[in-house]
Amino acid sequence: DLPDAPEPWELAAEADLLTAEIVLPLPTPTTFHYLVPDALRDLIRPGQRVKVPFGRGDQLKVGFVVAVGSPPPAARRLKSIDALIDREPLIAGDMLELTKWISERYLGSWGQVLDSVIPAGVKKQAGTREIRCFQLAEGALEKAASLKLPARQRAVLEVLQEADGPVPVDQLEAAAQCGTSPIHALRDKKLIVPVRQRRSTMTEEYTPAARTADLILNPDQQTALDAILEPLQAPRHETILLHGVTGSGKTEIYIRAIREVVSYGRQAIVLVPEISLTPQTIRRFGSRFSSLAVLHSHLSDAERHWHWQRIASGEVEVVIGARSAVFAPTPHLGIIVLDEEHETTFKQNATPRYHAREVARERARRAGVPLVLGSATPTLESFDRAQRGLDRLIEMPNRVEQRPLPPVVIVDTRNDALVPRGHSIGRALKHSIERSINEGGQVILFLNLRGYSPVLWCLKCNEGVKCPDCDISLTWHRDRGKLLCHSCDFEMPPPERCPSCGQPGQKYLGAGTQKLEQEVRSKFPDARIVRMDSDAMRKPGSHDEALERFRKGEIDILLGTQMIAKGLDFPNVTLVGVIDADSMLHQPDLRAAERTFQLIAQVAGRTGRGEKAGRVIVQTMSPDDAVIQLAAEHDYLGFAKRELAQRREHHAPPATNLARVIVRGPREDLVRAEIRKIVETLKETAKGRGDDLRILGPAPAPILRLKKLFRYHCQLSAPTIEQILEWWRAAEARFSLPDEVELTIDVDPLDL
Ligand code: ADP
Ligand code: ZN
């Protein structure tokens, strides 16, 4: 018998072939090993994309190289990489490691994390084109010295020697003052070689804002700045929680700390909620730094790619952006600032379900640089960490220039007859609005509900008209003449009769911002009014434009949803009205109290920021609620103490760590059966892992049906996050789900 032909891996080991470890954007925790063909040996590097044959049909898939040269695992048949996609790595080594950490911390796939972290414009190299260049061949100058060359050819060589790298053909011709023939002659003599290079077609459009001088910091600000600068000088990592009331001058401190970082030639990342990326913020940073990259969601692929490259080249001093800017490819990171730390938009609620604060913490830790978290109403997670000494806590209890925090008046809407019935603005609020406007001030009214009426109610069967695909009442949008689902964008004209009982006589109940706008217009016919919500601000730029008009004093009353509650700094606002403080209070959410406190404190923060005093009116049906009262007294510490005790009692964060498991599918019986099996497996896996692993549920999700899918969930809790992760990994291997159901795990869940 002839011996079998050697298997590829035997050859690989023998011939010292190179292998690469690849991750694919698939929901799998596995990495895959491939042989690197000879042609790619010198080109392949971690962070590049490759095409690899995958699965039974050897279908070509795009994957990311995460390591090169690792030995092939024995006894496994290795396939070869088919092609290399990127000439340069798309992501640097430290960021590759960070994405791996995210995949472990949030139980996602490394390939999926990488795929979502690298912007599409970077993958496509949007906004660039290939340019023909020439560079000196190896040993060209020595060779040229012994040749008799015409002056024009010498000129070309001199330009290339000077440039010390590839020069585009047109630039070469201009610099050497020649045509193409000397260049071709040199190429034929093999003294110069053609290369192709990608260059951006974008040009700088950014006009630096007018420079402004530094403010003189007050003693509180100086103390805070010193504390931030201390780890910078070491340098070492530290997380600093800057708990400063609204208007205490936090932004000024960030700017000064970043100035210090930039003076050492390092870069800063500033993370803000998308909604705070207003011209006001940009102008404020733009007037203090010479090079800025602003990453917002309206960037084109080409713009995003251009910024990415400017940041990666080290040229950008400060990157300002929403959540995903935590992945900005700064080569010399010196500090990360995360402002409005309490904002829920820092958590991504699609795969990968990371929290930008935790990613920032890990990135800063690995880079050995400080992380500054700022908020007037820190999350209890962050406050608790700081109180326990894990992070540094800096308190700024006063506004700058001894400006007082505004008095907050609680109005009981059950007594303050809202005349006539069905109106949203009570007597007290109405009088206050009149007074503010008469005195030349501006007013902000907050109502966290867009549309005209949240429900079309049938008086016969006592039910609202629901979305056919979701368990949600449809909202009446009078301006469009349609009922809309705020979850899936389903829309329909209002039915003449109740869809369930067929009777006429339905009524619109409740008020959203559109109805509020109508009421305000009729009560204050002379006032200049603007409504700000995602319906009214659909056009890109309209949000900025409205804020600019408000700043210039061209608007008297600004009313809207949370769009107006965040970070705005307008000195002339003398009244803030909260139409319905109860809207969040009674949600089935463990953070309902926290959200309500934050909301009142943040909207109150929009007034009394200038020379004029401000005041706040909070309308509520729960005037005796402790949370609303503590918010009215600006008593964050009192609130935190009370709420932390309650969380501890209920085994809720930050006393424990949570993960939420959601099973979705078109058939309710199947979904229910699968979640039961999953819970059983989890319970079995928990055995022997300690008594403090808890599981809550299974139960139908608060909104059972969403976008045609039924949803059931359960919740895991444990004292440490590591316990949850290990528990889940052990159990996960034993699940086998039918194709019709989809399983999601959300580590540190924030929403329902
Ligand atoms: P925060 O970010 O805490 O809400 P800001 O930094 O926006 O506070 O400051 C509030 C207002 O006070 C801004 O208009 C700012 O220009 C001003 N301000 C901040 N620090 C000082 C200071 N040291 N002296 C005078 N005004 C200041
Ligand atoms: Zn729907």
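This is a predicted model: local features need pLDDT of at least 70, side-chain atom pairs count only at pLDDT 80 or more; totals for chains, interfaces and linings use all residues.
Ligand 1 is a handy place to start. The shell around it is made up of 17 residues, and those that come nearest are Leu 215, Gly 249, Lys 250, Thr 251 and Glu 252. Sorted by class, the shell has 8 polar residues, 5 charged ones and 4 nonpolar ones. Helix 10, which covers residues 250–263, gives the most to this shell, with 3 residues.

An unreviewed UniProt entry carries the annotation "binding site" at Cys 467, Cys 470, Cys 485 and Cys 488. These four span 22 residues in sequence, yet no two of their C-alpha atoms are more than 8.7 Å apart, so they gather at one spot. Two of them are worth a look in turn. Cys 467 sits in the loop between strand 20 (463–464) and strand 21 (475–477). A residue counts as buried if 20 or more other C-beta atoms lie within 10 Å of its own; Cys 467 has 24 of them, so it is buried. Setting aside residues up to four places away in sequence, Cys 467 touches Cys 485 and Cys 488, along with Ile 472, Leu 474, Ser 487 and Phe 490.

Cys 485, for its part, lies in the loop between strand 22 (482–484) and strand 23 (491–492). With 20 C-beta neighbours inside 10 Å, Cys 485 counts as buried too. Its contacts, again leaving out neighbours within four places in sequence, take in Cys 467 and Cys 470 as well as Ile 472, Leu 474 and Phe 490.

UniProt, again in an unreviewed entry, also places a "binding site" feature at Cys 458, Cys 461, Cys 498 and Cys 501. This set is spread over 44 residues of sequence but clusters in space, with a largest C-alpha distance of 8.6 Å. Cys 458 belongs to strand 19 (residues 455–458), and it is buried because 22 other C-beta atoms lie within 10 Å. Beyond its neighbours within four places in sequence, Cys 458 is in contact with Cys 498 and Cys 501, and also with Glu 463, Ser 500, Gln 503 and Gln 506.

Cys 498 is found in the loop between strand 23 and strand 24 (506–509). Its count of other C-beta atoms within 10 Å is 20, so Cys 498 is buried. Not counting residues up to four places away in sequence, Cys 498 touches Cys 458 and Cys 461, plus Lys 460, Gln 503 and Gln 506.

In soluble globular proteins, nonpolar side chains tend to be buried together. Here, the largest nonpolar core has 163 residues, and Val 319, Ile 600 and Val 618 have the most contacts inside it. Helix 18 (residues 592–604) gives the most to this core, with 7 residues.

Notes: Residues are numbered from 1 along each chain as its sequence is written. Chains are lettered from A and ligands numbered from 1 in the order in which they are written. A residue is near a molecule or strand if its C-beta atom, placed from the backbone, lies within 6 Å of it. Helices (H or I, at least four residues) and strands (E, at least two) are DSSP runs, numbered from the N terminus. Ala, Val, Leu, Ile, Met, Phe, Trp, Tyr, Cys and Pro count as nonpolar, Asp, Glu, Lys and Arg as charged, and the others, Gly among them, as polar. UniProt positions are given in the numbering used here, feature names are shortened, and annotations may be inferred rather than shown by experiment. A residue is buried if 20 or more other C-beta atoms lie within 10 Å of its own, exposed if 12 or fewer, and partly exposed in between; C-beta atoms are placed from the backbone. Two residues are in contact if their C-beta atoms, placed from the backbone, lie within 7 Å. A nonpolar core is a set of buried Ala, Val, Leu, Ile, Met, Phe, Trp, Tyr and Cys residues joined through C-beta atoms within 7 Å.
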